[in-house]
Structures are given as structure tokens and as C-alpha cells.
Amino acid sequence: MTGVAATGVRVLGLVLRRCLTMAVTLAVISALIFLVIKLPPGDYLTNRIAELRASGEAASVSRAELLIRQYGLDRPVYEQYLMWVGLWPGPAGFSGLLQGDWGWSFEYDRPVAEVVGDALWLTLVVNLAALAFVHAVAIPIALYSATHRHTAGDAVVTVLGYVGLAVPGFLLALILLFYANRWFGLSIGGLYDPAFTGRPWDWPKVRSLLAHLVVPTLVIGLGGTAAMIRRMRANLLDELAKPYTVTARAKGLPPLRALLKYPFRMSLNPFVADIGNLLPHLVSGSVLVSLVLSLPTVGPLLLESLRSQDQFMAGFILMFTAGLTLVGMLISDLALVWLDPRIRMGAR
């Protein structure tokens with residue numbers, strides 16, 4: 001077996017092991033999520049029934065009690081969890097996450113799949129755009145700053161980096177909202193023009209999305225960009241001072257090649273390893289920004305579902321975030337195998 005084929009077999013084994021680990025991890029996370037959601041006393045329906053009885057609305061009480069029986073909320077907690085996952089038959093048989101049934105949103109009185117439909121992929125679009133912005137802006141600036149140490153440009157980058165770290169995203173969003181309206185009479189909230197609300201996706205609506213995507217991408221990505229610049233600059237300076245880089249320069253290797261061949265690749269390792277944490281961090285860290293900019297993403301939905309104890313909605317969104325984390329970790333593992341020969345040779 002050739003070296004390339006052997007490496008491919010090792011990488012395939014790594015992927016299969018990671019997928020098995022991901023399945024077990026998701027099972028554990030689902031149990032923890034359900035347990036934490038059930039810890040506060042009561043739930044949406046029991047609280048709602050108490051309110052309706054106090055106001056004398058008997059018909060609505062009957063509807064709420066029917067939902068309790070329909071979704072097995074009157075059963076023991078372990079049965080409720082297994083029914084939610086899809087491993088225990090409920091009143092309608094096996095119908096849970098494993099069967100593609102995300103549950104019912106009691107707050108919106110609609111299936112969870114309908115409530116979070118567009119919000120899921122819009123969340124991915126916004127946060128992947130922010131992720132691309134972070135890397136596209138931070139990497140060139142960090143390269144310049146590390147190779148022009150103690151210059152005026154390096155000082156400007158350092159100051160801007162500290163400002164980016166210090167200014168909260170929601171505050172920047174408020175500032176942009178205020179001055180965009182005051183100076184230009186523009187409303188930059190949302191992800192598309194209000195005229196497109198409820199309309200099917202077509203090219204005009206996509207163009208509106210792309211135009212409105214600029215501000216949230218800038219606001220969400222600014223803090224991550226500043227942090228990445230500072231960290232990559234420090235990593236590059238450390239790599240550039242190592243003997244192999246000094247030797248490469250002494251042997252006449254062109255400066256750009258000497259920079260990109262190994263120092264730059266090695267400085268990327270920590271950031272590639274952080275992909276698993278970066279994706280869910282962008283989702284959870286952009287909740288306030290989404291509220292300020294009125295973004296139709298899952299962040300505000302999660303906040304509202306936790307506040308109202310809408311357990312199926314909250315549970316699914318938390319599982320979605322956990323899945324993002326695990327997928328990000330798998331991507332980072334594969335990227336590290338490709339990026340670093342030492343890791344590739346050690347993949348077993």
C-alpha cells in the first residue's frame with residue numbers, strides 16, 4: 001500500500017471514529033439539555049392553564065390539557081425525554097427527533113419546524129458570512145502587522161484591534177442604526193426589505209438579503225476579527241523567530257515563500273482547531289445583535305422559548321447549536337490533518 005493510500009485509510013478511520021463519537025456525544029447532550037429545561041418548576045402549558053383558569057376561559061383550558069396529553073407531558077420525565085428523542089412510543093407512536101419531528105411550539109401554536117424554518121438557514125448564512133469576513137480581513141492584516149513590527153502601520157492595527165475588542169457588538173449595532181437613520185434616512189434592520197416578508201425566495205429577495213447582510217456581518221465579525229489579528233500576530237512572531245525560519249532566510253529563500261511555506265501554516269493551527277467553538281459562539285454571541293438589528297435568526301427565538309419555557313422549541317435550537325459544535329470540531333480535525341503533516345502522519 002502506497003503512502004498516500006495508507007494516509008487515506010487512516011483519515012477515513014479517523015472520520016468514522018469521529019462520527020461514532022459525535023453520535024454518542026449528541027445522545028448525552030440531548031439528555032442534559034432536556035434535564036436542564038425540565039429543572040424549573042412548571043412548563044408553558046401548566047403556567048398557561050393556571051392563567052386561563054384565573055381568567056375563566058374554560059375552552060382554552062381544555063385545549064391546553066389536550067396538548068399535555070398529546071405530547072405526553074403528564075408522563076414521567078424519562079418517558080418524556082425518550083418520546084422527544086423518538087425512542088419511546090407516544091400517543092401518536094414513535095415520533096421524535098430521530099423521526100424528523102421537532103415537536104410543537106406552544107408559544108406560537110405551530111410545529112417547531114415551521115417556526116424555525118427560514119431562521120435556521122438564515123442563521124447559518126449570517127454566521128458563515130461573519131466567519132468568512134473574520135478570516136478574509138484578519139489574516140492579511142495579521143501578516144502585515146507581524147512582518148512590519150514596531151512601524152506606524154503596526155501601531156494603527158494594534159489600536160484598532162483594541163477598539164474592536166472593547167466595543168460590544170450590540171453597541172456598535174445601535175450606533176449604526178442611529179447614524180444610518182439620522183444621516184442617510186436608512187433603516188438597516190432585518191435581513192431583507194419588509195416588502196419581501198412572507199414572499200417566496202426569488203432573485204429580488206436574494207439581492208435584498210445580500211444588501212442587508214453587510215451590516216450584521218460587520219457587527220458580528222468585528223470582535224472576532226480583532227481577536228484573531230492579535231492572536232495570529234503573536235503566533236507569527238513566535239514562528240518567525242524559530243531556527244527553521246532563520247535558516248530558510250539564510251539560505252536565500254524568497255521572503256514571501258519563507259513566510260507562507262511554514263510559519264504561516266503553523267500559525268493557523270490554533271485557529272483551525274477553534275472552528276468547533278467558533279461556529280456556536282457566533283450563534284450564541286449574536287443574540288443581542290439579532291435583537292437590536294431585528295434579525296430573523298434562531299437567537300431571539302431561543303431567548304423567547306427559554307423565557308416562556310417552550311421546551312420543544314428551546315430543546316431543538318440547543319440541539320442545533322450542539323450539532324454545529326460537533327460538525328465544526330469534525331471540520332477542524334480534518335483541516336488540521338490536511339494542514340499539518342505531523343498530525344497527518346499521526347492520524348490513526
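D238, E239 and K242 are linked in a network of salt bridges. The model is a predicted one, and a search through the whole of this structure finds 6 salt bridges.

Side chains of opposite charge can pair when their charged atoms come close. Another such pair is formed by E304 and R307, whose side chains meet in a salt bridge at 2.4 Å, N to O. These residues are 3 apart in helix α16, so about one helical turn separates E304 from R307. E304 is partly exposed at 24% relative accessible area, whereas R307 is exposed at 59%.

The side chains of E79 and R75 also meet in a salt bridge, with 3.8 Å from N to O. Here E79 is buried, because its relative accessible area of 14% falls under the 20% limit. R75 is partly exposed, with a value of 27%.

Q309 lies in the loop between α16 (298-308) and α17 (311-339). Its phi is near 60°, a positive value in a residue other than glycine. D109 is not a glycine either, and has a positive phi of about 55°. The loop that holds D109 runs between β1 (104-105) and β2 (110-111). With a relative accessible area of 41%, D109 is partly exposed.

Key:
Residues are numbered from 1 along each chain as its sequence is written. This is a predicted model: local features need pLDDT of at least 70, side-chain atom pairs count only at pLDDT 80 or more; totals for chains, interfaces and linings use all residues. Side-chain values use heavy atoms; hydrogens and water are left out. Helices (H or I, at least four residues) and strands (E, at least two) are DSSP runs, numbered from the N terminus. Buried means under 20% relative accessible area, exposed over 50%, partly exposed in between (1.4 Å probe, protein chains only). A salt bridge is a side-chain nitrogen of Lys or Arg within 4 Å of a carboxyl oxygen of Asp or Glu.
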